[in-house]
Amino acid sequence: MSDQEQRGPGPALPGSRLWGGGFRQPLDPSLDQFCASFAFDRRLLDAEVRVNRAWVEALAGAGLLKPSEAAAIDAGLAAIAAAPIPADSVAEDIHTYVEARLAEIAGADLAGRLRTGRSRNDLIATDLRLWCAGALAAARADLAECVGALAALADRCGALAVPGYTHLRRAQPILLAHLLLAHAQRMMRDDERLAEAARRALDACPLGSGALAGTTAPIDRHALSQRLGFARPAANSLDAVSDRDFVADALHASALTMIHLSQIAEDLILATAEEFGWLALADAAATGSSLMPQKKNPDVLELLRGKSGRILGRQAGFLATLKGLPAAYNRDLQEDKEPLFDALDTVRESLRALRVVLAHLAPVPDRALPDDGGDLLATDLADALAAPGLPFAQAHALAGEAAARARERGVPLGQGRLTVTASLARRDRIGGTAPARVAEQLGEVRAWVVRRAGTVPAAEDEFRLRAAWDDDLGLLEERIKYWSRRGVLLPLEGRELRTALPDFRILTPGDRPETVLAFGALRRYSTRLAELRSLVVGDGQQGRGLGRRLVTHLLDEARREGLRKVFVLTRAPGFFERLGFVKIDRESLPQKVFVDCNRCGVRDACDEQALMRELP
């Protein structure tokens with residue numbers, strides 16, 4: 001997007017040149033079309049309106065807009081956000097569209113005031129960061145559901161033993177569930193990268209940096225950043241308007257996620273092939289051949305492999321765009337949006353497609369590895385020979401000779417205690433393929449899904465629930481400290497709060513996952529008992545049913561996790577009784593529940609009521 005003056009006239013009249021008061025010729029129409037970005041940046045409408053509304057508030061706070069003017073502009077912007085962009089709309093970009101529409105609603109003079117102290121450069125940088133954070137959060141929700149589908153398939157596979165491969169050659173027996181959970185681990189790391197990319201996108205707010213040198217408007221940039229959900233204002237105006245590291249971060253996280261999806265697809269293509277046949281692909285997830293009637297093709301999985309290459313190209317292309325740019329904004333940066341949009345759209349579409357395919361896969365018990373294991377038990381034989389003290393190098397050579405003789409004679413190597421079942425059972429260290437260890441892995445992955453997939457939509461998507469992010473820590477600590485000083489909550493801060501962060505769930509507006517409306521935590525004391533704690537509804541949010549939504553979600557999470565009882569210590573028992581909690585004696589709770597009470601200022605005269613909810 002091109003630079004503009006920090007103060008300028010209202011929207012250009014039809015046929016006139018944008019930002020062109022000093023020009024004597026209009027821009028050549030073909031070049032005008034070449035520079036336009038509205039065809040793709042129109043999807044930034046929500047972010048654009050949100051940023052503009054925050055800017056109006058900042059201008060009013062600085063005395064640059066009268067309250068009546070600010071109210072009129074804000075109402076106009078809200079009306080723009082409420083209506084979809086007409087299909088036949090024409091504009092250079094999303095900024096000029098919004099300003100032109102605002103001129104129609106509130107008048108050209110007021111619309112022109114919106115530019116005060118601001119540039120399209122800091123505006124687009126802020127818009128894109130907000131959009132990116134929201135899209136990454138949505139991708140994480142899709143990813144968590146996909147991991148859940150992988151875990152469900154692993155559970156269906158049970159104790160189905162198959163050959164494990166290295167160099168695409170049969171190596172040792174493993175459980176098929178072990179292979180599937182390996183892919184789940186990769187995707188859980190993808191979630192961490194997506195979360196980190198979202199945190200970086202909301203780290204520093206560019207708004208108020210002007211075109212490159214900062215703004216002369218006396219706005220409160222800290223308040224502005226906080227309103228938009230950023231951690232802080234950007235520290236350097238030149239860097240703020242040109243920084244697209246967050247786009248590169250999002251592209252990297254997207255590319256690596258797609259690589260992992262491609263690897264999953266490849267393993268599933270092999271597992272469903274006739275030569276392997278460990279999994280059966282239902283007709284609902286397969287395609288046919290235009291010539292060969294018997295074929296069931298895994299086209300969806302092949303497309304996942306193909307799309308990964310496209311996103312790798314998007315990442316490489318964008319990094320090449322950044323490589324030679326001088327400081328401050330350059331129009332090259334208009335090329336940031338299409339790769340970012342395409343990458344995150346593709347990640348989400350691919351995750352949803354894989355989740356559906358996983359649901360249409362079934363294990364084939366008849367294709368399980370026979371217990372004699374063929375020559376796959378050669379390593380177990382070497383281990384057995386080395387156990388009495390024989391050097392493993394010699395044991396390895398002897399086992400290799402035995403395996404060769406067995407192949408020549410066409411007989412299995414396994415006999416007696418040398419079986420697939422015994423081989424699997426011996427791999428019982430953490431991370432191994434022993435059935436007990438795989439069951440532990442499956443439980444851990446399922447628990448991760450329960451914790452992470454806290455993004456269930458509320459009525460009409462007005463609100464959403466998500467897991468807490470690292471960049472929520474500051475706000476959580478400040479609000480808990482505020483209420484603990486008033487004796488409402490127990491203290492929780494610093495390292496202790498960071499440790500407890502995975503237990504917290506955040507209620508947000510449906511379209512702004514970075515905005516915290518309410519939060520609370522589910523503290524596990526055992527596999528059967530948990531506590532609702534640190535429940536806070538934000539200032540000005542009371543009376544909207546947010547507390548009820550939050551508690552209901554946490555109870556659902558506890559139920560899915562297999563917990564049987566959830567208790568709460570509160571001075572508002574009526575609220576919890578309406579949610580099915582029953583009063584109990586505090587003394588009936590386990591002693592370890594009261595560890596935190598030693599730090600409470602009213603521990604000797606506690607007036608909190610204990611309530612319990614039994615979960616079916």
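A residue counts as buried when its relative accessible area is under 20%, as exposed when this is over 50%, and as partly exposed in between. Keep in mind that you are looking at a predicted model.

**Exercise 1.** Find which residues of H15 are buried, and work out where they sit around the helix axis.

*Solution.* 

**Exercise 2.** Check whether the length of H15 agrees with its number of residues.

*Solution.* 
Step 1. Helix H15 runs over residues 392-409, which makes 18 residues.
Step 2. At 1.5 Å a residue, H15 should span 26 Å.
Step 3. The end C-alpha atoms of H15 are 25 Å apart, so the two values agree.
Step 4. Now step past the end of the helix: Gly410 follows H15 and has a positive phi, near 70°.

**Exercise 3.** Is Glu401 buried, partly exposed or exposed?

*Solution.* 
Step 1. Locate Glu401 in helix H15.
Step 2. Its relative accessible area is 43%, so Glu401 is partly exposed.
Step 3. Compare sequence and space: Glu401 and Ala378 are 23 residues apart along the chain, while their C-alpha atoms are 9.5 Å apart.

**Exercise 4.** Describe the buried residues of H17 and name elements that cover them.

*Solution.* 
Step 1. List the buried residues of H17: Val438, Gln441, Leu442, Val445, Ala447, Trp448, Val449, Val450 and Arg452.
Step 2. Look for what lies over them: the cover includes helices H7 (120-157), H8 (176-201) and H20 (546-560). Strands E2 (169-175), E7 (463-467) and E8 (504-509) are also included.

**Exercise 5.** Zoom out and describe the whole protein.

*Solution.* 
Step 1. Count the elements: the protein has 21 helices and 13 strands.
Step 2. Consider burial: of the 616 residues, 48% count as buried.
Step 3. Consider the contacts with a separation of 6 or more: 76% of them involve residues 24 or more positions apart.
Step 4. Finish with the extent: along its principal axes, the C-alpha trace spans about 90 × 75 × 45 Å.

How values were computed:
Residues are numbered from 1 along each chain as its sequence is written. This is a predicted model: local features need pLDDT of at least 70, side-chain atom pairs count only at pLDDT 80 or more; totals for chains, interfaces and linings use all residues. Side-chain values use heavy atoms; hydrogens and water are left out. Helices (H or I, at least four residues) and strands (E, at least two) are DSSP runs, numbered from the N terminus. The expected span of a helix is 1.5 Å times one less than its number of residues. Buried means under 20% relative accessible area, exposed over 50%, partly exposed in between (1.4 Å probe, protein chains only). The arc is that of the directions from the helix axis to the C-beta atoms. Contact means heavy atoms within 4.5 Å.
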